[in-house]
Amino acid sequence: MKTLAALLSAAVVVVTAYGWSTAGSFDAGFLRSGAIGDDAPRSLGGDLNILLIGLDTRRDQDGNELPREVLDQLHAGDGDEGGYNANTLILVHIPAAMNKIVAVSIPRDDYVPVRGIPGYTHAKIKEAYGLRKAAVQDQLIARGVTDQRKLEQAGREAGRASTVAAVRDLTGVPIDRFAEVTLAGFYDLAAALGGVEVCLNAPVRDSEFSGADFPAGRQHLNPAQALAFVRQRHGLENGDLDRTHRQQAFLTSVARQLHVAGTLTDPGRLSALMDVAHRNIVLSDGWNMTDFVRTLGDADDPQVEFRTLPVLRYDVINGQDVNIVDRSAIRREIAVAFGLPVPTSTARRTGQRTQPPAAWSPELTAGGWQTSTTAPEPETPDAGKPVRGGITSGQLPCVN
């Protein structure tokens, strides 16, 4: 499940919507969220940082369990499993120049500070959503609220805000937009595309958890197989990190398939994909998708680079396997990858603020941020080398 938000959000919202960029109904059909907040930090100069959230839930927006026939296809248990973990978190940086897009995967088990959650000061970053959702729902129930739909919607909105805050605190950059997709949304996308093409370095099998059972090499997967491909972590040498690399490869494959297969010129498929987007994606308020996709459409096949944030070490806290991370190193990694001002060591030594200014730009140097971006690129242990390619012309990468 870790991969699903990137795929739907980037493939459907970013690429598929291009074919509908003149259709006013496209923007109007999305569920919207104000979780970023009006007073949140914003990027300047036309840059955009977009957070893609993949929510591991087997329930719809009103809290109802998905139909049994859908759950059976997902091979993912019932509505009591999965909780509300944000198992996919990808931060996408789109510069105003549109010359290179960088998508950074955030490992779901990174152990980070959390706020507004009784009994917790830290948690896995994937849990910021579900823990905050449960806390807000408990507060509402204590006040006498019993309507399931109201509880679900208020809880999810709190979960989104908690996730945005956790990612912003970890990376040190503004979050300008976000898109959230659930497990069923990914399946619907794969179905609307008629399956997807992937490539594996070696055969894999995981019958107990994800249902993955694939030979090595290039192959076309049906919707259920595609979901198993991106959900599998058991039986992989590097577990979640290998699953992250699958996520990145799958993103490239979907974008490539949309163009090569002529999907963007097929009215029937476009209609199905637009329906998938409207049923399964929640977008942040103020995100005009029509303008956004027109801008992307005007770009001359910008290069796309996928990265994974570094993990310092693995540990066990309160019986849970977690990733211990160095926030300063992650912020340097993000700054270098995005071509932004690099935090100085002085800020970390003196206790000066390590959050960027509210409106972050090269001209603002307060709080220990320098304008030079020529510092050596930090190492990324356990993260693997960046995966690069064009939106429409990237090769199909093989992964574990």
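This is a predicted model: local features need pLDDT of at least 70, side-chain atom pairs count only at pLDDT 80 or more; totals for chains, interfaces and linings use all residues.

Trainee: Core first, then. How many residues are in the largest nonpolar core, and which have the most contacts inside it?

Mentor: The largest nonpolar core has 35 residues. Those with the most contacts inside it are Leu 51, Leu 89, Ile 125, Leu 170 and Phe 338.

Trainee: Which elements each supply at least two residues of this core?

Mentor: On the strand side, β3 (48–56), β4 (85–94) and β5 (100–105) each do. The helices are α4 (127–142), α5 (148–171) and α11 (327–338).

Trainee: Pick Ile 125. What does Ile 125 touch, leaving out residues up to four places away in sequence?

Mentor: Its contacts include Leu 89, Ala 166, Val 167 and Leu 170. Ile 125 also touches Ile 106, Pro 107, Arg 108, Asp 110 and Val 112.

Trainee: OK, switching to charges. How many salt bridges does the structure hold?

Mentor: There are 18 salt bridges. One of them is between Glu 305 and Lys 100, with the closest N and O atoms 3.7 Å apart. That pair links distant parts of the chain, since Glu 305 sits in strand β14 (residues 303–308) and Lys 100 in strand β5, 205 residues apart.

Trainee: Buried or exposed, that Glu 305?

Mentor: Glu 305 counts as buried because its relative accessibility is 1%, and the cut-off for buried is under 20%. Lys 100 comes in at 33%, so Lys 100 counts as partly exposed.

Trainee: And what does Arg 327 meet in a salt bridge?

Mentor: Asp 169, at 3.0 Å from N to O. Arg 327 is in helix α11 and Asp 169 in helix α5, so this pair ties together parts that are 158 residues apart in sequence. Arg 327 is partly exposed at 33% relative accessible area, whereas Asp 169 is buried at 13%.

Trainee: Which residue does Glu 333 form a salt bridge with?

Mentor: Arg 307, with the closest N and O atoms 3.2 Å apart. Glu 333 lies in helix α11 and Arg 307 in strand β14, so parts that are 26 residues apart in sequence get tied together. Both Glu 333 and Arg 307 are buried. Salt bridges that share partners join Lys 100, Glu 305, Arg 307 and Glu 333 into one network.

Trainee: β5 keeps coming up. How many of its residues are buried?

Mentor: Five of the six residues in β5 are buried, so the strand is mostly covered.

Trainee: What does β5 pair with?

Mentor: β5 pairs with β4 in the antiparallel sense over four bridges, and it runs parallel to β14, joined by six bridges. Val 92 stands opposite Ala 103 in β5, and Ile 101 stands opposite Val 304 in β14.

Trainee: Where's the positive phi in the hairpin of β4 and β5?

Mentor: At Met 98, which has a phi near 60 degrees. The hairpin has five residues between the strands.

Trainee: Last topic. What volume does the second largest pocket have?

Mentor: About 280 Å³. The pocket is lined by 15 residues, and Asp 109, Arg 233, Asp 240, Asp 321 and Asn 323 lie nearest its centre.

Trainee: Which element gives the most to that lining?

Mentor: β16 does, with three residues. α8 (240–260) and β16 (320–324) each supply at least two residues of the lining.

Key:
Residues are numbered from 1 along each chain as its sequence is written. Side-chain values use heavy atoms; hydrogens and water are left out. A nonpolar core is a set of buried Ala, Val, Leu, Ile, Met, Phe, Trp, Tyr and Cys residues joined through side-chain atoms within 4.5 Å. Buried means under 20% relative accessible area, exposed over 50%, partly exposed in between (1.4 Å probe, protein chains only). Contact means heavy atoms within 4.5 Å. A salt bridge is a side-chain nitrogen of Lys or Arg within 4 Å of a carboxyl oxygen of Asp or Glu. Two strands pair if DSSP finds at least two bridges between them. On a 1 Å grid over the protein atoms alone, a cavity is a set of points where a 1.4 Å probe fits but cannot get out, and a pocket is an open set with protein on both sides within 12 Å along at least five of seven lines; lining residues have an atom within 4 Å of a point. Grid points are joined across faces, edges and corners, and a volume is the space filled by probe spheres set on the points.
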